[in-house]
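This briefing covers selected features of one protein chain. The sequence and the model come first, followed by notes grouped by topic.

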Amino acid sequence: YLRKPLIINQVIKNNTLTDTEIRNLINFKNDIRRGVITDPFTSGNPQGDSPETSPLLDRGEINTWKTEIKKYSGKSWFEIPWYFAEAYFYLRLLITYGYYSPKSHNYMKDPFEPLKKKELHAETGLIDILKGILDIVGDMEDSNEHSSGKTSRGEILKTLILFSLWGNRIDLSNYHIAQKSKGDTLIPQSNNIIIDNSEELLKKIMNADRIDFILDNTGQELVCDLALIRYLFNLN
């Protein structure tokens, strides 16, 4: 109930917008709370043109959207599946913001870029997180040289995988949770993982000839992933 309106608030706060654009985004926020699912390709957008004419959307993509939207048309935001609500929300947000409209000064501009840069270049937080992770890994590696109880590469890798997973607590799409979680990001809670397939994942990684890491994070969450990627580079 709170997360999506808060995301819209962040877009308004962190971008230079006209009064009309702000009003359109506020109307969208209110629509999430009280409105129903509609087809934005049929109803058009606040820029005055139809998203169907956008050079950024091809006909196949639009038809796929229309098919999915039709399944839930007329339902409230509280009655639809979570993943559809998530994808539909960002589609509507980008349309309302003007991302798809060549007429808008926001055309092809990432509405989250200011927030991403702010988090990525923050003087505190990001560096502390990275340093903390590397210190922990360094201590585990040192135990191999100075202790009889050696730490295996698999144990180090599993720790970094846990950090990468736990880093999702500071996902910028959960901004209010992210702000509360920064202080304890370096305390992964393995007992809070409902399904743990890390052992199977480790076997695949340790025996893989090639590893593709699909990265979709930014800001402080990105650091947790980069620490894992750094170690993967050194596996061989």
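F233 belongs to helix 11, which runs over residues 219-233. With a relative accessible area of 69%, F233 is past the 50% cut-off and therefore exposed. The model discussed here is a predicted one.

- The C-alpha atom of F233 is separated by 9.6 Å from that of I211, a residue 22 positions away along the chain.

**The chain as a whole**

- The chain holds 11 helices and 0 strands.
- In sequence order the pattern reads α-α-α-α-α-α-α-α-α-α-α.
- Among the 236 residues of the chain, 43% count as buried.
- Of the contacts in the chain with a separation of 6 or more, 66% are between residues 24 or more positions apart.

**Helix 1**

- Helix 1 covers residues 3-14, which makes 12 residues, and its first and last C-alpha atoms lie 16 Å apart, close to the 16 Å expected at 1.5 Å a residue.
- Since 9 of the 12 residues of helix 1 are buried, this helix is largely enclosed by the rest of the structure.
- The buried residues in helix 1 are R3, K4, P5, I7, I8, Q10, V11, I12 and N14.

- Helix 5 spans residues 82-97; at 1.5 Å a residue its 16 residues should reach 22 Å, and the end C-alpha atoms are 22 Å apart, so the two values agree.
- Helix 5 is largely enclosed by the rest of the structure, because 12 of its 16 residues are buried.
- Buried in helix 5 are F84, A85, E86, Y88, F89, L91, R92, L93, L94, I95, T96 and Y97.
- What does E86 touch, leaving aside residues up to four places away in sequence? E86, a residue of helix 5, touches R3 and K4, and both of these are among the buried residues of helix 1.
- The relative accessibility of E86 is 10%, so E86 counts as buried.
- M108 sits in the loop between helix 5 and helix 6 (113-120).
- Phi of M108 is also positive, near 65°, although M108 is a residue other than glycine. Most residues other than glycine have a negative phi.

**Helix 2 against helix 5**

- Two packed helices are described by the angle between their axes and the distance between the axes.
- For helix 2 (residues 19-34) and helix 5, the axes come within 9 Å and the crossing angle is roughly 155°. Helix 2 is therefore roughly antiparallel to helix 5, as the angle is over 145 degrees.
- The crossing of helix 2 and helix 5 is right-handed.
- On the helix 2 side the residues that meet helix 5 are N24, L25, F28, D31 and I32, and their partners in helix 5 are F89, R92, L93, T96 and Y97.
- By type, the residues of this contact between helix 2 and helix 5 are 6 nonpolar, 2 polar and 2 charged.

**Helix 8 against helix 10**

- Helix 8 (residues 153-166) and helix 10 (residues 198-206) have axes that come within 10 Å and cross at roughly 120°. That angle makes helix 8 oblique to helix 10.
- The handedness of the crossing between helix 8 and helix 10 is right-handed.
- Helix 8 contributes R153, G154, L157, K158 and I161 to the contact, and helix 10 contributes S198, E199, L201, L202, I205 and M206.
- Sorted by type, the contact of helix 8 with helix 10 has 6 nonpolar, 2 polar and 3 charged residues.

**Helix 8 on its own**

- The 14 residues of helix 8 should span 20 Å at 1.5 Å a residue; the end C-alpha atoms are 20 Å apart, which agrees.
- As 10 of the 14 residues of helix 8 are buried, this helix is largely enclosed by the rest of the structure.
- Those buried in helix 8 are G154, I156, L157, T159, L160, I161, L162, F163, S164 and W166.
- G154, L157 and I161 belong to the contact with helix 10 and are among the buried residues of helix 8.

Technical notes:
Residues are numbered from 1 along each chain as its sequence is written. This is a predicted model: local features need pLDDT of at least 70, side-chain atom pairs count only at pLDDT 80 or more; totals for chains, interfaces and linings use all residues. Side-chain values use heavy atoms; hydrogens and water are left out. Axes are lines fitted to C-alpha atoms, for helices over the stretch in contact, and angles run from 0 to 180 degrees between N-to-C directions. Helices (H or I, at least four residues) and strands (E, at least two) are DSSP runs, numbered from the N terminus. Angles under 35 degrees count as roughly parallel, over 145 as roughly antiparallel, 65 to 115 as roughly perpendicular and the rest as oblique. A crossing is left-handed if the near helix is turned anticlockwise from the far one by less than a right angle, and right-handed if clockwise. Contact means heavy atoms within 4.5 Å. Ala, Val, Leu, Ile, Met, Phe, Trp, Tyr, Cys and Pro count as nonpolar, Asp, Glu, Lys and Arg as charged, and the others, Gly among them, as polar. The expected span of a helix is 1.5 Å times one less than its number of residues. Buried means under 20% relative accessible area, exposed over 50%, partly exposed in between (1.4 Å probe, protein chains only).
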